[in-house]
Amino acid sequence: MIAFCTRCWTEIDDRIKECPACGANQASDLRTYDEKIVDALRHPLPQARARICWLIGENSIRGAVPRLMEIAESDPDIYVQKAAVEALGAIADPRSDRFLRSMSRGQNRLLAVAASKSLRT
Ligand SMILES: [Zn+2]
């Protein structure tokens, strides 16, 4: 599966032992895949954060729901917020349903539309 080096944020395969870019030892990181991928949401690049949101939605990582809700509300990049909304829609969880319903009535048009669409799928 896709993972990210937590030292340099290079996208890597999660089975790899050492980051090819910076040499950081990945095997010494004992966190679960879910914990690592949620942590990668701190990635400095918006495109990467959006991609990680998508990845979380694809893998239905329910542990990420609280963090996705924070991002949907407050990421400085609107497209990352939208990606978080879509990821919440992909994860069947009562918390995300409630959140998306309130977001679909929100002020921001782009996010309201994304939230409504996510609720229907
Ligand atoms: Zn690295």
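## Zinc site, helix packing and local backbone

Gln26 lies in the loop between β2 and α1, where helices (H or I, at least four residues) and strands (E, at least two) are DSSP runs numbered from the N terminus. This is a predicted model, in which local features need pLDDT of at least 70 and side-chain atom pairs count only at pLDDT 80 or more, while totals for chains, interfaces and linings use all residues. Residues are numbered from 1 along each chain as its sequence is written, and side-chain values use heavy atoms, with hydrogens and water left out.

**Surroundings of Gln26**

- With a relative accessible area of 12%, Gln26 is buried (under 20%; exposed is over 50% and partly exposed in between, with a 1.4 Å probe and protein chains only).
- Leaving aside residues up to four places away in sequence, Gln26 touches Phe4, Cys5, Thr6, Ile12, Ile16, Lys17, Glu18, Cys19 and Lys36, contact meaning heavy atoms within 4.5 Å.
- Two of these partners, Cys5 and Cys19, also belong to the set that coordinates the zinc ion through SG atoms.

**The zinc site**

- The zinc ion is held at 2.3 Å by the SG atoms of Cys5, Cys8, Cys19 and Cys22, donors being N, O and S atoms within 2.8 Å of the metal (3.2 Å for Na, K and Ca).
- The angles among the four donor atoms run from 106 to 113 degrees, and the site is tetrahedral (all angles between 85 and 135 degrees).
- Along the chain, the donor residues follow the spacing C-x2-C-x10-C-x2-C. Cys8 lies in the loop between β1 (2–4) and β2 (11–13), whereas Cys22 lies in the loop between β2 and α1 (33–39), so this pair ties together parts that are 14 residues apart in sequence.
- Cys8 is partly exposed, at a relative accessible area of 29%, and Cys22 is likewise partly exposed, at 26%.

- Ile2 is placed in strand β1 and is partly exposed, with a relative accessible area of 24%.
- Beyond residues up to four places away in sequence, Ile2 touches Glu11, Ile12, Tyr33, Ile37, Arg51 and Leu55; among these, Ile12 is also touched by Gln26.

**Helix packing**

- Helix α2 (residues 46–58) packs against helix α4 (residues 78–90) at about 5 degrees, with axes 8 Å apart, and this makes α2 roughly parallel to α4 (under 35 degrees; over 145 is roughly antiparallel, 65 to 115 roughly perpendicular, the rest oblique). The residues in contact are Pro46, Arg49, Ala50, Cys53 and Gly57 of α2 with Tyr79, Val80, Ala83, Ala84, Ala87 and Ala90 of α4.
- The axes (lines fitted to C-alpha atoms over the stretch in contact, with angles from 0 to 180 degrees between N-to-C directions) of helix α3 (residues 65–74) and α5 come within 10 Å and cross at roughly 10 degrees, which makes α3 roughly parallel to α5. Their contact includes Met69 of α3 and Phe99 of α5.
- Helix α5 (residues 94–103) meets helix α6 (residues 109–120) at about 140 degrees, with axes 8 Å apart, which makes α5 oblique to α6. This contact is made by Asp97, Leu100, Arg101 and Met103 of α5 together with Leu111, Ala112, Ala115, Ser118 and Leu119 of α6.

**Positive phi values**

- Most residues other than glycine have a negative phi.
- Trp9, in the loop between β1 and β2, has a positive phi near 70 degrees and counts as buried at 17% relative accessibility.
- Ser60, in the loop between α2 and α3, has a positive phi of about 45 degrees although it is not a glycine, and at 35% relative accessibility Ser60 counts as partly exposed.

How values were computed:
Four donors count as tetrahedral if all angles lie between 85 and 135 degrees; four count as square planar and six as octahedral if opposite donors are over 155 degrees apart and all others between 65 and 115; anything else is irregular.
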